[in-house]
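Here are my notes for you, as numbered points. Keep the structure open while you read.

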Amino acid sequence: MLMMNDYRRGWALRYLREAKAELAAAQKTPYMAPSLVFEALRKAQAAIYYSLGEPTFIAAIVHETLYTKQFVEDPILRFLIEIERSIQQISQKPRSDSEIVMKQVADLVQLASEIVELLTGESVKLTG
């Protein structure tokens, strides 16, 4: 039995759906792609945070670990730190090589999707 309340499950799934929608919109509207891929990445991150626990608490752990440059053995925390680093890089260079950025974000959204779907037991598909 998965230990997640309906509130967190609902927000995790909502953010994941929105991340996928933002990514799809970025692929269709290149002139808006930089802001849309950034939002997709942020929403994928939020989906993971909600599926793991209290987002504020998880974000504090990630930021503290990132800024103190501690060695991280835990693979989940390492992954969360890599997402945060990706967000920071994309926010600093939003218009750099859009194809590469789009691919990186698509991969991260897919990984987030797999994590959220594993933890919630529900699959998220885009409709329309």
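1. Let's start with a term: a salt bridge is a side-chain nitrogen of Lys or Arg within 4 Å of a carboxyl oxygen of Asp or Glu. By this rule the count comes to eight.

2. A word on the source: this is a predicted model, where local features need pLDDT of at least 70, side-chain atom pairs count only at pLDDT 80 or more, and totals for chains, interfaces and linings use all residues. Residues are numbered from 1 along each chain as its sequence is written, and side-chain values use heavy atoms, with hydrogens and water left out.

3. Look at Glu 18. Its side chain meets Arg 14 in a salt bridge (2.8 Å, N to O); both sit in helix H1 (residues 6-28), four residues apart, about one turn of the helix. Helices here are DSSP runs (H or I, at least four residues), numbered from the N terminus. In general, an α-helix has 3.6 residues a turn, so residues three or four places apart point the same way.

4. Glu 18 also forms a salt bridge with Lys 43 (3.3 Å, N to O). That pair links distant parts of the chain, with Lys 43 in helix H2 and Glu 18 in helix H1, 25 residues apart. Arg 14, Glu 18, Glu 22 and Lys 43 are linked in a network of salt bridges.

5. Buried or exposed, what is Lys 43? Lys 43 is buried, with a relative accessible area of 15%. Buried means under 20% relative accessible area, exposed over 50%, partly exposed in between (1.4 Å probe, protein chains only). Glu 18 is partly exposed at 23%.

Technical notes: Helices (H or I, at least four residues) and strands (E, at least two) are DSSP runs, numbered from the N terminus.
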